[in-house]
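I opened a new page in my notebook today. I want to record what I look up, entry by entry.

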Amino acid sequence: MAYFERVRDVVSGPFSPEIMRQRMAAGWQLVSIEWRRELPDQEAPTAGGFGEEIPYGLRISEDCTRLEVHPRENQTLMLMMDLLGQDFSYSSIVSDLNEKGFRMRNGGPWNRVAVFNMMPRLIEVGPRLFSSEEWRKREKKLSQVKAP
């Protein structure tokens with residue numbers, strides 16, 4: 001198996017092709033170039049605006065330094081995962097979520113498309129959910145109910 005060393009050069013002045021020649025002579029291969037520009041005022045993000053949406057099931061911590069689990073959204077994810085694991089249809093999952101008072105982030109009721117669109121997020125958080133203490137308790141309760 002090949003092992004690679006990586007290094008990142010921070011360019012603080014005008015770019016010099018000599019740097020490229022020196023690195024390539026030393027056996028380095030160019031694998032990436034990162035560009036940045038100062039945004040004009042009309043393109044600048046609004047104060048407090050984010051460039052991407054916070055993943056469902058997470059929220060910004062009170063100290064605004066990290067993301068943390070959003071308890072209600074995490075419950076929603078667990079219920080979706082549980083129902084999908086029991087092979088419930090999207091319509092049944094939607095009905096169950098709405099009957100139990102779970103709502104989408106925008107406050108609206110769940111629908112089949114919204115549940116379907118949660119699949120990538122469920123795949124992403126699945127390992128964390130399955131290893132959580134709450135999931136183990138749910139599974140234990142289910143196995144006791146199913147046992148003769």
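I start with a definition: buried means under 20% relative accessible area, exposed means over 50%, and partly exposed is in between (1.4 Å probe, protein chains only). With that I looked up Asp 96, which is buried at a relative accessible area of 18%.

**Ground rules.** I am working on a predicted model, where local features need pLDDT of at least 70, side-chain atom pairs count only at pLDDT 80 or more, and totals for chains, interfaces and linings use all residues. Residues are numbered from 1 along each chain as its sequence is written, and side-chain values use heavy atoms, with hydrogens and water left out.

**Overall layout.** I looked up the secondary structure and found six helices and two strands in the protein chain. Helices (H or I, at least four residues) and strands (E, at least two) are DSSP runs, numbered from the N terminus. Along the sequence the order is α-β-β-α-α-α-α-α.

Next I checked the dimensions. The C-alpha trace spans about 75 × 50 × 30 Å along its principal axes. The radius of gyration of the protein chain is 24 Å, while a compact globule of 148 residues would have one near 15 Å. That radius is taken over C-alpha atoms, and the globule rule is 2.2 Å times the number of residues to the power 0.38.

How much of the chain is buried? I noted 22% of the 148 residues. I also looked at contacts, meaning heavy atoms within 4.5 Å. Among contacts between residues at least 6 apart in sequence, 46% join residues at least 24 apart.

**Charges.** I found 21 positive and 21 negative side chains, and the centres of the two sets lie 6 Å apart. Lys and Arg count as positive, Asp and Glu as negative; His and the chain ends are not counted. Each charge is placed at NZ of Lys, CZ of Arg, CG of Asp or CD of Glu.

**Salt bridges.** Side chains of opposite charge can pair when their charged atoms come close. A salt bridge here is a side-chain nitrogen of Lys or Arg within 4 Å of a carboxyl oxygen of Asp or Glu. How many does the whole structure hold? The search finds seven.

I went back to Asp 96 and found a salt bridge to Lys 100, with the closest N and O atoms 3.1 Å apart. Lys 100 is partly exposed at 48% relative accessibility, whereas Asp 96 is buried. Salt bridges with shared partners also join Glu 53, Glu 73 and Arg 105 into one network.

Then I looked at Glu 18. Its partner is Arg 21, with the closest N and O atoms 3.2 Å apart. Both sit in helix H1 (residues 17–25), three residues apart, about one turn of the helix. Glu 18 is partly exposed at 37%.

Glu 68 and Arg 59 also meet in a salt bridge, at 2.9 Å from N to O. Glu 68 is partly exposed at 22%. Arg 59 is partly exposed too, at 33%.

**Positive phi.** Most residues other than glycine have a negative phi. Where did I find positive values? Cys 64 has phi near 60°, and Asp 87 has phi near 65°.

Cys 64 lies in the loop between strand E1 (58–60) and strand E2 (67–69). Cys 64 is exposed at 60%. Asp 87 lies in the loop between helix H2 (71–85) and helix H3 (90–99). Asp 87 is exposed, at 70%.
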